[in-house]
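Hello,

Please find the structure below. My notes on it follow.

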Amino acid sequence: MKKITFGEKLIEIRKTKGFTQSDVANKCNISLRTIQRIESGTVTPRSYTVKVISESLGFDYFEAPANSKLNPSVKALQNIKLHLALFFKDLFNLKTNTFMKISILSLPFLITGLAFFLFHSKVTVQSAEHIPTIQKTNSDFEYLKNIRVVFTSELEFEDLFRIKEELKKEKISITYNKIIFDDDKRLKSIDCNVDWHNGASNSLIIEDLKSIKKGEQYGFYRNYDKNSKILCGSGLLPKIVVLDIGHGGIDSGSFSEELSEKQITLEIGNKVKDLLYSNPNMHIDISLTRTSDKYITLKNRIDYINSLQPHYIISLHLAESETENENGINLFNGSQTPFIKQSDSLLKQLKISFSNEFTINQVKSINSDILNKVNCPSALVEMGYLTNKKDIQLFKSEIGKSKIASAIFKTIKQLEK
Ligand SMILES: [Zn+2]
């Protein structure tokens, strides 16, 4: 039975609906010439063209035919299956045609090896080329859940379809009003709406995705953190800065008298966030690795940070020393970070911001997993010594903690420029 071509199906549907070829071209935003060539059978349309036309005319070309009783091709397939079964049964009888059978039996191992190699090369190429489009946080961080959909000129029709499906799982629906692809089947421009199912919706039009500047991301975002400044939006996405809040839960870090490192780092982190919220003009969102007294493994911290694809991270800690006199701020970056240059600039800016009000004690590179393993520039600040009386007084007063938070915020503000 000959399968009806898409062109034939198009003619049939178009005529039933009383449309001209021009009507279809206008409806689907496809050139009249392409419609003519599809109908005449001179071109086989690409899968997204088929989808666009089918959807606009309200039919499903890929739908399985009704009453699909066992047709001749299925019967033929069943015969082949029977022959194959007999062939394989005989294959393991090595008494006849031994060499040929051993060669055939070893073939699957060769194919598996080759497939594994190809799969690996493919994955490497893909991760280098494709920027993830939906960024979601780990479920361990339910209270910090964050979704970002980034549109780039690298996307193909299948990617848009995948985005739609992934958002559906989050009960978010996206409608593509108009999508245009270039000659390489890559996304050129997009006009769409997103319904967040919380009563809010956003729309987005990007005329030319190739004109987006390096370092900028356009799309949608939804922040489920109730304290966040921006809960959802579209357009130029805010840059994400992560404050890694040192220690937590069973891991108190350093402590002295009634103070513990895990508590001071969280208080100062929250103060930085408050400063950001009081500056509505800054296009930055700050995420904290924890917002409560919770223990988070190093691996989960790193995974969470990497899932956010932040602009950079600052890890907050306090120091301790065997000598009571040692005090001031220590600034570190990772000795093995792949982002040496950017991490150096981050450290330099932190040094400038802190040096007005504080003594800078050490500035150096250290071998730290959090600094070396995150996928972005990084720095670690030890914001004073829990073994020094003067520093302890700072941590005990709200003004002292606010001064430290201001220095960090000043750094973030300077780096936005
Ligand atoms: Zn620490």
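A strand here is a DSSP run of E of at least two residues, and strands are numbered from the N terminus.

Keep in mind that the model is predicted. Mean pLDDT for the protein is 80, and 77% of the residues reach 70 or more.

First, more on Ser-252. Is Ser-252 buried, exposed or partly exposed? Ser-252 has 15 C-beta neighbours inside 10 Å, so it counts as partly exposed. Leaving aside residues up to four places away in sequence, Ser-252 touches His-247, Ser-260, Glu-261 and Lys-262. Lys-262 is 10 residues from Ser-252 along the chain, and their C-alpha atoms are 5.1 Å apart.

Next, a helix pair. The axes of α2 (residues 21-28) and α3 (residues 32-40) come within 8 Å. They cross at roughly 120 degrees, which makes α2 oblique to α3. The crossing is right-handed. Which residues meet there? From α2 come Gln-21, Ser-22, Val-24 and Ala-25; from α3, Leu-32, Ile-35, Gln-36 and Glu-39. By class, that contact has four nonpolar, three polar and one charged residues.

Over residues 108-132, pLDDT stays under 50, and the model has five contacts beyond four places in sequence for them. Residues 138-144 also stay under 50 in pLDDT. For that stretch the model has 12 contacts beyond four places in sequence.

Best wishes

How values were computed. Residues numbered from 1 in each chain as written. Predicted model: local features only at pLDDT ≥ 70, side-chain atom pairs only at ≥ 80, totals over all residues. Axes fitted to C-alpha atoms, helices over the stretch in contact; angles between N-to-C directions. Helix = DSSP H or I, 4+ residues; strand = E, 2+ residues; numbered from the N terminus. Parallel < 35°, antiparallel > 145°, perpendicular 65-115°, else oblique. Left-handed = near helix turned anticlockwise from the far one by under 90°. Contact = placed C-beta atoms within 7 Å. Nonpolar A, V, L, I, M, F, W, Y, C, P; charged D, E, K, R; others polar. Buried ≥ 20, exposed ≤ 12 C-beta atoms within 10 Å, placed from the backbone. pLDDT = per-residue confidence, 0-100.
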